[in-house]
Amino acid sequence: MRPVLGDSALTPNSGSAAASRSTTVVHHALRIQAGPWSAKLLALAAGVLKRPAGGLRMGAGGVFAAQGGADAPLITYAGLAARLGPQALPVDVVDAPAEDTPTDIDGAHYAFGAAGALAQVCVDTWTGSLRVEKMAMLTALGPVASPMGYLGQMEGGALIGQGLATTEDLRMAGGRYLARNLDGYLVPTLADAPELEVCAVQNLMPGDTVGPRGAGEISVNIAVAVVANAAAEALGMPVNTLPLTAERILDWLEQDEEEHDGSKHDGGA
């Protein structure tokens with residue numbers, strides 16, 4: 001396969017083709033063209049093999065005899081391409097119809113996914129440091145097209161979300177960022193990564209026409225919220241500002257202690 005980039009001056013605006021949308025778009029394109037492409041490929045294989053196309057079937061790694069349980073293909077796809085030569089290789093153009101977003105948000109993706117998560121955090125009340133120890137993620141994005149790609153996206157996004165919730169504080173003064181390098185803008189490393197469990201719900205609701213959804217940034221979004229909620233639960237602290245830096249946590253603990261001491265004093269003893 002050789003992808004060919006289109007000319008944006010000659011094609012209509014189809015919106016973003018970002019990760020959370022591209023998986024579905026490509027899935028639709030393959031589903032539309034699977035039948036015609038298979039028929040074209042079998043016809044070409046029939047010509048090379050000198051067999052009727054009706055007696056052939058496509059399988060993993062090549063073209064097989066339609067009848068019988070042969071383990072090896074009659075010809076591999078690479079072998080078929082070599083026999084045909086560059087000038088005879090089949091080419092298909094797929095026209096996938098546009099999808100309308102089900103929201104009133106201009107430019108919103110039409111393929112929505114869902115996710116839930118749990119996090120366990122440890123807060124040092126002497127220093128204010130917060131450590132994410134464990135995180136579990138459950139995503140409902142339909143069938144997973146690439147297990148390794150999906151897992152990398154979820155685990156990597158979880159660590160990015162953890163950083164947004166705990167360490168990444170990009171402050172400004174006089175219209176300039178104060179941090180000029182990663183020694184002043186702290187991002188999590190593998191040493192900060194929690195024990196992470198990821199589970200994919202792959203079944204689709206009856207009548208679903210979207211199919212596989214791309215993972216995109218869903219792991220980032222859910223990780224930020226779940227870390228903030230876990231910290232709020234651990235500290236009894238309303239989280240309305242991120243990241244949860246040590247300074248903010250210590251300020252809250254000091255304020256909370258003063259309020260409790262004041263309540264005891266007001267109540268008398």
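Reply: Start with a definition: buried means under 20% relative accessible area, exposed means over 50%, and partly exposed lies in between (1.4 Å probe, protein chains only). This is a predicted model, where local features need pLDDT of at least 70, side-chain atom pairs count only at pLDDT 80 or more, and totals for chains, interfaces and linings use all residues. Residues are numbered from 1 along each chain as its sequence is written, and side-chain values use heavy atoms, with hydrogens and water left out.

Me: What makes Asp92 and Lys40 a salt bridge?

Reply: A salt bridge is a side-chain nitrogen of Lys or Arg within 4 Å of a carboxyl oxygen of Asp or Glu. The closest N and O atoms of Asp92 and Lys40 are 2.4 Å apart, so the pair meets the rule. The two residues sit 52 residues apart: Asp92 in the loop between helix 2 (77-84) and strand 4, Lys40 in helix 1 (residues 19-49). Helices (H or I, at least four residues) and strands (E, at least two) are DSSP runs, numbered from the N terminus.

Me: Why is Asp92 called partly exposed?

Reply: Its relative accessible area is 25%. That lies between the 20% and 50% limits, so Asp92 is partly exposed.

Me: Asp169 forms a salt bridge with Arg171. Which label does Asp169 get, buried or exposed?

Reply: Buried, because Asp169 has 17% relative accessibility. Arg171 is partly exposed, at 44%.

Me: How many salt bridges does the rule give?

Reply: The count comes to four. Another of them joins Asp208 to Arg213, with closest N and O atoms 2.9 Å apart.

Me: How do you know that Glu168 has no salt bridge?

Reply: Lys and Arg count as positive, Asp and Glu as negative; His and the chain ends are not counted. For Glu168, the nearest side chain of opposite charge is Arg248, 12 Å away. The rule asks for 4 Å, so Glu168 has none. Yet Glu168 is buried.

Me: What joins the side chains of Glu168 and Tyr185?

Reply: A polar contact of 2.5 Å. The term means a pair of N or O atoms within 3.5 Å; within protein, one must be able to donate a hydrogen and the other to accept it, and residues adjacent in sequence count only if both atoms are side-chain atoms.

Me: What makes strand 4 and strand 5 a pair?

Reply: Two strands pair if DSSP finds at least two bridges between them. Here 10 bridges join strand 4 (residues 114-123) to strand 5 (residues 130-140), so they pair. They run antiparallel.
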